[in-house]
Amino acid sequence: MRIRHALTATAAAGAIAVTVAAPAQAAEYSSALKLKGVQYDAPGSDSNRCSGGNTKNEYLTIKNYSRTTTVNLKGYVVKDAVGNKFTFTASHKLEPGDYVKLRGGRGTDSDAGNVVYRQNCNFIWNNDKDTINLIKPTGAKADVHSYTKRANDRDGNGYINYHG
C-alpha cells in the first residue's frame, strides 16, 4: 500500500508541475499577432541585386489572429538569430483576421495589397536555418519560431507554415 501511495503522490506532483509549466509557454504567444509563415528561400538563384534580384520573393507573413482587435504594426520589430532586423516605422493597421507580407527588396507599401517592403535588397532569412522573432513595441516577444530546412521544409519549396 505504501508504494501505491508514493506513486500516486509522485504522479500528482508531476501533474502539478505540468500545469504550472503550461502557462509560461502560452505567455510567450500572448499577442494577437503571430507569424503565419515564411518564404525563407526565395525561388530561383539568390540574387540580392536591387534591379533584377529576387529578394522580393523572400517574405514573412504576419497575421492578426484576434477576432475583435485591430493591431497597429508601428513599432513592431522582426529580427533574425544574429540580430538583422526590420522595424515597422509607419502606421500599418491589421484588422481582425488580416495579414501583411513583409517582403525584401524595394517597393511601395500598400495596406490594400497587404504588403510592406523592407527597402533593403539583402536577404534576411538563412536558407538552412534561422530564428524569427516578432517583438512588440514594448520589447516583449509576440511570437518566435526557429526552423531548419531539413526538419521543417519537407517538400523543399522554401516555405514554412507556422499558424494556419
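Which residue in E10 does aspartate 130 stand opposite? The answer is tyrosine 147, and I shall come to the strands around this pair in a moment.

Good morning. The structure before you is a predicted model, in which local features need pLDDT of at least 70, side-chain atom pairs count only at pLDDT 80 or more, and totals for chains, interfaces and linings use all residues. Residues are numbered from 1 along each chain as its sequence is written, and side-chain values use heavy atoms, with hydrogens and water left out.

I begin with the open sheet. Four strands form it, in the order E5-E4-E9-E10, and their pairing is antiparallel. Strands here are DSSP runs of type E with at least two residues, numbered from the N terminus, and two strands pair if DSSP finds at least two bridges between them. At the edges lie strand E5 (85-87) and strand E10 (141-148), each of which pairs on one side only. Strand E9, residues 129-135, is joined to E10 by seven bridges in the antiparallel sense.

I turn next to strand E1, residues 33-39. Six of its seven residues are buried, so the strand is largely enclosed by the rest of the structure; buried means under 20% relative accessible area, exposed means over 50%, and partly exposed lies in between, with a 1.4 Å probe and protein chains only. E1 runs antiparallel to E2, with six bridges between them, and valine 38 has leucine 60 in E2 as its bridge partner. E1 also pairs with E11 in the antiparallel sense, over three bridges. There, glycine 37 stands opposite asparagine 161 in E11.

Finally, the aromatic rings. The structure holds three aromatic pairs; rings of Phe, Tyr and Trp (its six-membered ring) pair if their centres lie within 6.5 Å, and planes under 30 degrees apart count as stacked, over 60 as edge-to-face and the rest as tilted. One of these joins tyrosine 59 and tyrosine 159: the centres are 6.3 Å apart and the planes stand at 40°, so the pair is tilted. Tyrosine 59 belongs to strand E2 (residues 59-64) and tyrosine 159 to strand E11 (residues 159-161), so the pair ties together parts that are 100 residues apart in sequence. Tyrosine 59 is buried at 13% relative accessibility, whereas tyrosine 159 is partly exposed at 22%. Phenylalanine 86 and phenylalanine 88 form an edge-to-face pair, 5.0 Å centre to centre with 85° between the planes. Phenylalanine 88 is buried, with a relative accessible area of 2%.
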